[in-house]
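Welcome! Here is a friendly walk through a protein that may be new to you. Take a moment to look at the sequence and the model before reading on.

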Amino acid sequence: MSLKTKQEERIFRALDAFAIELPSWAFANTGTRFGKFLDPSAASNIGEKLADAAEVNKVTRCCPSMAVHVEWDFPDGVASAGLAAQLARNHGVQIGSVSPNVFQDQQYKYGSLANPDIAVRTKALDHILDSISMAQAAGSRDVTPWFTDGSNYPGTANMRQHKRWFEEGLAVAHGALAPNQRLLIEYKPFEPAFYHTDIADWGMALRLAKAAGPQARVLVDTGHHYQTQNIEQIVAWLLDDGMLGGFHLNDRRYADDDLTLGSIDPYQVFRIFNEINHFEWETGATADIAYMVDQSHNLKPKAEEMIQTVMMAQEIQAKAAIVDRQNLAIHQASCSLIDAEECLKSAFYTDVRATLVEWRRWKGLAPNPLKAFRGSGYLERVSKERSGRAQAVSSYA
Ligand code: PSV
Ligand code: MN
């Protein structure tokens, strides 16, 4: 490999080190609470989702694993997990993070780990413990619970009691982790609870992760913040405390819109990736972060959208990799505000796409993954195979 510039070398290294996990639910028919538009190519079982994820990986060489949701992907529990791991291997990918589902069943109407009914709290905890076993059977490291517990109206829940129930439940869950596993605690300030959410922000998630045990970390879903919140500062603090476990990446305009990464505000993604790069440059450490996509699309073609997302993530990683760190540190130290800001912006505005094409060529990939996918005929083939049968309209699976 003959590399022309230092910048290109840095981009190549950043791309080599960067992997992003695809969500199984991005390949299924999903919708909004107002309805669902069926896509003839949509996957409706774990085998089809893995086949689609593998196809995205084939053209990008950047997404070797697929996140699963127990309720939607492992209908037979541990047995499904083992089978799914085998299927994944056949497709040349792996099962990634495992999300328990303690929000969909009727029993969870008034919460899961913080349900006032001890029988439901126990069921929710049992399901999380089962999910940890499923993750072990699937050979996956991260267990990623997300909780809808909270309340819709003032006065209807004892918030301190809920907090203590979460502390208790998560500590028990942590106790079941294998030594190589992690428990990633996700936060979200609203939806479906609209007055209070039990794990509403990064401070609460951090507090609960610390109380749960040393293998717990915080998961930052970029769509789970109030408007104008400074996400990169949250990332910087979590990194500094060694508590950033991973991301659920997506973009948003209003709420948790699950839009394509970087489609609304690519500079936001860049600022987040920049903090990680700066941390690694300053400390010489590699941050142990699981980069995951959490998006579902009811209008865009699903596999193509995933390719678009991965290409965007790579492009922004490349931009973050070429920030002149030395100069940025000097400008920060001397309070040269304009120079520091320009240093950051000049990396963001650098067109790195030609270098991405070079990297793909060097990996033996087609220069344009989207074109390669379209040229493969995969979409037409699976649309034909999958369109004839009845499609589920009521859930993500
Ligand atoms: C909730 O909005 C969430 O971000 C959680 O991560 C769920 O697992 C996922 O979305 C389901 O789409
Ligand atoms: Mn999420």
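In which loop is P192 found? P192 sits in the loop between β8 and β9 (196–197), where helices (H or I, at least four residues) and strands (E, at least two) are DSSP runs numbered from the N terminus. Residues are numbered from 1 along each chain as its sequence is written, while chains are lettered from A and ligands numbered from 1 in the order in which they are written. This is a predicted model, in which local features need pLDDT of at least 70, side-chain atom pairs count only at pLDDT 80 or more, and totals for chains, interfaces and linings use all residues.

Let us stay with that loop for a moment. The peptide bond leading from E191 to P192 is cis, with omega near 5°. E191 belongs to the loop between β8 and β9 as well, and its phi is near 65°, a positive value in a residue other than glycine. Because E191 has 13 C-beta neighbours inside 10 Å, it counts as partly exposed. The scale behind that word calls a residue buried if 20 or more other C-beta atoms lie within 10 Å of its own, exposed if 12 or fewer, and partly exposed in between, with C-beta atoms placed from the backbone.

Now step back to see the whole protein. Its secondary structure comes to 15 helices and 12 strands, and the C-alpha trace spans about 65 × 55 × 40 Å along its principal axes. For 397 residues, a compact globule would have a radius of gyration near 21 Å, and the protein agrees with its 21 Å; this radius is taken over C-alpha atoms, and the globule rule is 2.2 Å times the number of residues to the power 0.38. Buried residues make up 46% of the 397 residues.

Strands count as paired if DSSP finds at least two bridges between them. Strand β6 (residues 142–143) runs parallel to β8, joined by 2 bridges, and V143 stands opposite L183. β8 also pairs in the parallel sense with strand β10 (residues 216–221) over 4 bridges, where L219 is the bridge partner of E186.

E186 turns up again around ligand 1, together with W25, S99, W146, K188, D221, H248, D256, D294 and S296; a residue belongs here if its C-beta atom, placed from the backbone, lies within 6 Å of the ligand. By class, this shell has 2 nonpolar, 3 polar and 5 charged residues. Here Ala, Val, Leu, Ile, Met, Phe, Trp, Tyr, Cys and Pro count as nonpolar, Asp, Glu, Lys and Arg as charged, and the others, Gly among them, as polar.

Further along, strands β11 (residues 244–249) and β12 (residues 290–293) run parallel, joined by 4 bridges, and G246 stands opposite A290. D258 is found in the loop between β11 and α9, and it counts as buried because it has 23 C-beta neighbours inside 10 Å. Finally, look at helix α10 (residues 302–321): 17 of its 20 residues are buried.
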